[in-house]
Amino acid sequence: MDNENTAVLYKETLYDKIFRPQIITLENGHTVRRRRSRTPFVLLALILAIVWALKMTGFDIRIIVSRFPKLLDLMEKLFHPDWSFFPKVISPLLDTIKMSILGTVIGCALALPVAILASSNINPSIVIVSIFRFVLALIRTLPTLVIALVCALIFSLGTFSGTVAIAIFTFGVVSKMLYESVETIDMGPFEAMEALGANKFQAFWSACVPQILPVYLSHSLYCFEMNVRASAILGYVGAGGLGITINERIGWRDYEGLGMVLLSLFVVVAFIEFFSAYLRKKLS
Amino acid sequence: MAKKIQLENFEQTFDRKLTAAEAYAARPRKWMLYTLIVLIIAVLVGWSSSDVHFTGLTVTGTEVAKGVLHGVFHPDTGLLFGTGDTDVPYLLMQTVAIAVLGTLCGAILAIPFAFLASTNIMPKPVAYVFRLLILMIRTIPSLVWALMWIRVTGPGAACGVITQSVCSIGMISKMYITAIEDLDTHILESLDAMGCNAFEKIRYGVIPQLTASFISTTIYRFDINLKDATTLGIVGAGGIGASLVQCLNSRRWAMVGAFVWGLMVLALIIEFVSTRIRRKLAHGA
Amino acid sequence: MIEFKDVYKTYPNGFTALKGINLQIEQGEFVAIIGLSGAGKSTILRCINRMHDVTEGTLTVDDVDVSTLRGRELRRYRRKVGMIFQSFNLVSRSTAIKNVLTADVPDMNFFRVLFGIFTKEQKMRALESLDKVGILDKAYTRCDQLSGGQQQRVALARTLNQNPKIILADEPVASLDPITAKQVMEDFVRINRDYNISILLNIHHVDLALKYCDRVIGIRAGEIVFDGPASTITQEQIDEVYNGTKAPTMGDGE
């Protein structure tokens, strides 16, 4: 209006039309526009959401407080693991690790070409890029446990189903992380390679791949970390590994045994996480 | 490393120009390392595939696969658009409700954990004890948490809420810690110079720096919790998961299809919205 | 010899970057092209190695009409024409020697490219190229640990490694500080003199162009307004290139 410069500083949204910006005039006649804060609106929405969610879930803090000692009992048993149970943990624990390794490797191997095809700076066809991205988004919406359950129904119970479920999950996640990273690589070297007479493949392979590879390995390691934790529960639906043992212990209310299972899992996860964090730091 | 340093200081040390042949002789030999890495991965893969056998399809395997596909393409529309307590929209709403409450409680509970585990605020030993605690919370799978909380709350959506509150603490506080440790302390210095007391420093120096990243983390976790809430349903913690698994086990494929469609659409919407809000937060609304 | 005959270049968005360029550059010349941004300096260079196609007119290099080249022939032709970029365009995570070795990639078979296997001769030649620009001691250092001047020298070594007859340099010193810029310009002079390679460079800094180059071409709005030995160019002629009466200003849709 009287001060056109401020008007172009931001786009007027619907919110600004309903709640007009306040115009403050200084003593010397200069004006400045202050947009109405959105905070009250957001807070109101949040409060409504909470009230609605409380009604929907029937969540009652009093029940939790009054029955909390039960959990403490349980936790106490968990913290006194039954060491004699350890020998029975080893085999399913190894199964879980094997499932994670194999699933991660398969998923990551499939993810590399797909991620490259889904990167808009490398693939010029917008249609193919969008199709790949949509399919990847769909895959990511499926919970791992549901995939594992379907696999268990199709391929019979056991580690194979778990491996397939982890591979599918890894494929979805790593592809997404990777195409987001690939889109940020420097295309300058690619141009330079074309200028010195390389064909598209040679240029891509010597200019882009060296930039993509470390990121790819880093994402794969990160996903492996997640997979070890995720695969521990897949056994719950019969997909092999530690989950079967966990399910069994809880079923028998053997919380000391469960404590042992969780402790072993904890040690393995902590070790893998530490190791992979170290490797990822080296890669960057 | 020793060889590289030699190469870079060659001219000062020997007072003559380095020749290409000498540089070639001093090249770092990396192929051993690369071969070793490839070998390790190969051995790991070999070792893990030794125990993962493809035992063929189950007797009903092809029937299940066909059924799932058929269900996905011919979902039970009555269930998908119904308004009853057992229909997809209601169950999805319940799943969202679980995720909303779980994430909010988790985000609030995570704040003290995060401050107590930040090395730039607490003494190192205290911080590391809390980090270990956070790692423990993170390691126990959410499904196990749910199975334990079920003993307290009984089956139902409330169990999902409390489970997600606890599970979220792990990841949320880990990301909060990063934000806290990245705090720009120069601002505190300038506030000090203006004569602010401790509370004023926190109010005007610390909180404005943290809110955006805290909110962003919370929204990101909401995205994850929503998918996780489906899984929790499998053990009876409310939401859409329980019904989905029941239908799968009783092979009512059209119903499975309805649930899967509902889940996909919801997850896609939430992911889209959450990505947009987080992008806005990162670049300043 | 590079020869432009009535060359016009119109971009797909309708902008005409070159309007009837006539130009002859003999083998071994050291030419600077000066002009405002958007005047068509980059377009001239990129037409020579066919990163861009000319719209009208003919552009011949060593009696070959560049616009007739296709596929493999074009790539073989590009081997003779090196290009240097303002932003160096190196793979910054790789070592200097690996970047120089990429110049050999187009001549290698598929599997050698795939696994990145280079022969000892190729490695020695790459090291010699690095030696020619005086950074042999940095051969096994990663490029992101090198200074801007050193990175531009790695890029120069990469170009030398392809044994070019012509080097096109697009604002080679624009991202460098004045002292490093002078050193890089001296490298160009030396390479031009010692190996009889023609060098064409775009440059913003008129003082550097006058000091180091033999011949200066002034270009304004896609037309050549000055072409002659660096020693004869006058201040009026420079003014004409940069703010002559018909010079485009921001906003008149050049």
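This report describes the interface of chains A and B and a sheet in chain C, in a predicted model.

## Conventions

Local features need pLDDT of at least 70 and side-chain atom pairs count only at pLDDT 80 or more, while totals for chains, interfaces and linings use all residues. Residues are numbered from 1 along each chain as its sequence is written, chains are lettered from A in the order in which they are written, and side-chain values use heavy atoms, without hydrogens and water.

## Interface of chains A and B

In chain A, 61 residues are in contact with 63 residues of chain B (heavy atoms within 4.5 Å). About 5,800 Å² is buried between the two chains, 79% of it on carbon and sulfur atoms. Buried area is the accessible area (1.4 Å probe) that two parts lose on being put together, summed over both. Met56(A), Lys98(A) and Leu153(A) supply 12% of the area that chain A buries against chain B, more than any other three residues.

There are 2 salt bridges between chain A and chain B (a side-chain nitrogen of Lys or Arg within 4 Å of a carboxyl oxygen of Asp or Glu). Glu273(A) and Arg138(B) form a salt bridge through their side chains, at 2.6 Å from N to O.

## Sheet in chain C

Chain C has an open sheet of 4 strands (DSSP runs of E, at least two residues) in the order β2-β1-β4-β5, with antiparallel pairing. Two strands pair if DSSP finds at least two bridges between them. The edge strands β2 (16-25) and β5 (64-65) of chain C each pair on one side only.

Strand β1 (residues 2-10) of chain C is joined to β2(C) by 7 bridges. Lys9(C) has Leu18(C) in β2(C) as its bridge partner.
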